[in-house]
Amino acid sequence: MVRQPGWLRGLLNHTCDGAENCLKTNWMPNGALAGLTLAGGGWLMNLIVYLIQEFNLKGIDAAQVSNIVNGGINLFPIVGGTIADSFLGCFSVVSIFSFTSLLGIILMALTAMLDPLRPQPCQNASMCPTPSKVQFSVLYSGIALASIGVAGTRFTIAAMGANQYNNSKDQRIFFNWFAVTLYASMVLGATVIVYIEENVSWAVGYCLCVAVNVIGLAIFLLGRRYYKQVKPQGSPFTSLAHVVIATILKRKVPLSSRAEDYYHQKDATMEKKASLPSKSFGFLNHAALETEGDTKVDGSIAKPWRLSSVQQVEDFKKLIRIFPLLSSSIILCTTLPVVSTLTILQALTVDRHLGPDLKVPAGSMIVFVLTSTAINLTLIDRFLFPLWQKVTQRSPKPLQRIGLGHLFNMTGMAVASLIESKRLKLAQTHHLSDQPGSIVPMFVLWLVPQLVLVGLGEAFHYPGQVTLYYQEFPKPLRSTATAMISVVVGISYYLSTAVIDLVRRVTTWLPDNINKGRLGKVYLMFAMMQMLNFFYFLFCAKCYKYQNVEEGNISDNENSNAEK
């Protein structure tokens, strides 16, 4: 038998509790994620520039389309997670949506390769042909399929990877590496593929996206026999609906102080001994109160819409408790869509040359956010948190990570406002305000600090939210839980789109020519929103009591002590 190197044995023991096929079950999902994310990043990161240059859309309109697409990509994972939890399982969902992504990118590649599928180039700034209905139909069909594919795979892979582990510490480590893989792949997509799109051809860039999508799908399918697959348990939302209906139907039945009067389903997934439901949200306890005719002779539920188990009631209460924290994340997550889209419009107006032959693609500006996130995730995981644990004797809690993310995102918005004020002042000084398409004598790297700060904020709050929802949500909703952060981000994209659209309607801050606008005021407005939301988050965090994370921390500490 071949003896494994010490570092590899340590890796296997540390991350997978010595499971036989640990290395494959850990890295095959991440390998698939890398390929699929690289493909998605290749077309998504440069979508604004593609719409402006190849389909003749106005800058702000292209940014709004990009926000709508990103919003859909981030909202749809809840559907994929629900399908995985309820019917097909994670493996089937990832396989199906990976193929859907492939079809969408192929359609987008055809719009870049075939002249009849895109409008003629602009003759000048005022004479730009409008795309035909057929051209728009093919383009938007491709974007829709590719978006659905990205949305259906990304967070379902996260849930599937976490399902390979039983220890909360190992799951937390997996989520960190999941985030590193996700952001590193997006960095490659936003640099290598975007550079090819702008400097070689859009057709070659999109064909490369097709190729890496195929590779990612192949890696995922090759690992099928190694994965530990969790069998779908049916729709978890049905049991939640049962709680609501049963509570309404039994609202007039007096509550009991005896545990025996409440229904306790006795199987492998429910509690083993009778106990009283918790007193918080006590009105929901009516749903678990047994009355005549609610159960059969064998003890099973006879009328599921009139009776729920205590565990189902407690699961519903968990969702109610965590909802305020979910809502506080919506404005937090508006930072990324606002900064990423508006920075591209800024980059189009400044000097992007890094030398005589190298020009930074505007669509690649997001890479500074992604790189900052990926690097800081590694530093946080390897240095900051071990130091934190050594000093405090406890692992950092998810809400502490999220709180730091709030602070850095808020700071990033404020810095963006200051930098835009400098850019606008230069445009006015050189009399460029009335010259659309003119280049302001300002180096593109001036835009980097705001992106780095936002990336640092992402490194703190993103894994913190994924960990919080995965560990605090009821077990039947684990795949749905990992998609919740994506849903929050999706809502944030639509919120930022709505706010920007409102600003365009009631102010003159965002004209097509941003050299005549007041983009700095838009950034400042979002920074103020972030500050108010931070105070709301602090209130919600103070009122929240962990249900499962505390247990995870205790077990982690016990394991750590045992190892010593």
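This is a predicted model: local features need pLDDT of at least 70, side-chain atom pairs count only at pLDDT 80 or more; totals for chains, interfaces and linings use all residues.
Colleague: Let's start with the overall picture. How many helices and strands are there in the chain?

Modeller: There are 18 helices and two strands. The chain has 564 residues, and buried residues make up 55% of them. Among contacts between residues at least 6 apart in sequence, 80% join residues at least 24 apart.

Colleague: Why is Asn-376 called buried?

Modeller: Asn-376 has a relative accessible area of 17%, and buried means under 20%, so Asn-376 counts as buried. Asn-376 lies in helix α13, residues 366-392. Leaving out residues up to four places away in sequence, Asn-376 touches Leu-456 and Ala-459.

Colleague: And Leu-107, what makes that residue partly exposed?

Modeller: The relative accessibility of Leu-107 is 25%. The partly exposed class runs between the 20% limit for buried and the 50% limit for exposed, so Leu-107 belongs in that class. You will find Leu-107 in helix α6. Beyond its neighbours within four places in sequence, Leu-107 is in contact with Val-138, Ser-141, Gly-142 and Leu-145. Leu-107 and Tyr-140 are 33 residues apart in sequence, with their C-alpha atoms 9.3 Å apart.

Colleague: Then why is Arg-224 called exposed?

Modeller: The relative accessible area of Arg-224 is 52%, and exposed means over 50%, so Arg-224 passes that cut-off. Arg-224 sits in the loop between α9 and α10. Arg-224 still has contacts: not counting residues up to four places away in sequence, Arg-224 touches Phe-91 and Gln-229. Arg-224 and Phe-91 are 133 residues apart in sequence, yet 7.8 Å apart from C-alpha to C-alpha.

Colleague: Now for the helix pairs. How do you know that α6 and α7 are roughly antiparallel?

Modeller: Helix α6, residues 90-113, and helix α7, residues 133-162, pack at an angle of about 150°. Angles over 145 degrees count as roughly antiparallel, so the pair falls in that class. Their axes are 7 Å apart, and the crossing of α6 and α7 is left-handed. By class, this contact has 19 nonpolar, eleven polar and no charged residues.

Colleague: What makes α6 and α9 roughly antiparallel?

Modeller: The axes of α6 and helix α9, residues 202-222, cross at roughly 165°, and the class begins over 145 degrees, so α6 and α9 are roughly antiparallel to each other. The axes come within 9 Å, and α6 passes α9 in a left-handed crossing. The contact of α6 with α9 has 19 nonpolar, four polar and no charged residues. Among those that meet are Phe-91, Ile-105 and Met-108 in α6, and Tyr-206, Cys-209 and Phe-220 in α9.

Colleague: Which residues touch the most other members of the largest nonpolar core?

Modeller: They are Trp-43, Tyr-206, Tyr-462 and Tyr-469, in a core of 144 residues. The largest share of this core, twelve residues, comes from helix α8, residues 168-199.

Colleague: What does Trp-43 touch?

Modeller: Not counting residues up to four places away in sequence, the contacts of Trp-43 include Val-69, Ile-73, Ile-105, Met-108, Ile-143 and Ala-146. Glu-197, Tyr-206 and Cys-209 are also among them.

Conventions
Residues are numbered from 1 along each chain as its sequence is written. Side-chain values use heavy atoms; hydrogens and water are left out. Helices (H or I, at least four residues) and strands (E, at least two) are DSSP runs, numbered from the N terminus. Buried means under 20% relative accessible area, exposed over 50%, partly exposed in between (1.4 Å probe, protein chains only). Contact means heavy atoms within 4.5 Å. A nonpolar core is a set of buried Ala, Val, Leu, Ile, Met, Phe, Trp, Tyr and Cys residues joined through side-chain atoms within 4.5 Å. Axes are lines fitted to C-alpha atoms, for helices over the stretch in contact, and angles run from 0 to 180 degrees between N-to-C directions. Angles under 35 degrees count as roughly parallel, over 145 as roughly antiparallel, 65 to 115 as roughly perpendicular and the rest as oblique. A crossing is left-handed if the near helix is turned anticlockwise from the far one by less than a right angle, and right-handed if clockwise. Ala, Val, Leu, Ile, Met, Phe, Trp, Tyr, Cys and Pro count as nonpolar, Asp, Glu, Lys and Arg as charged, and the others, Gly among them, as polar.
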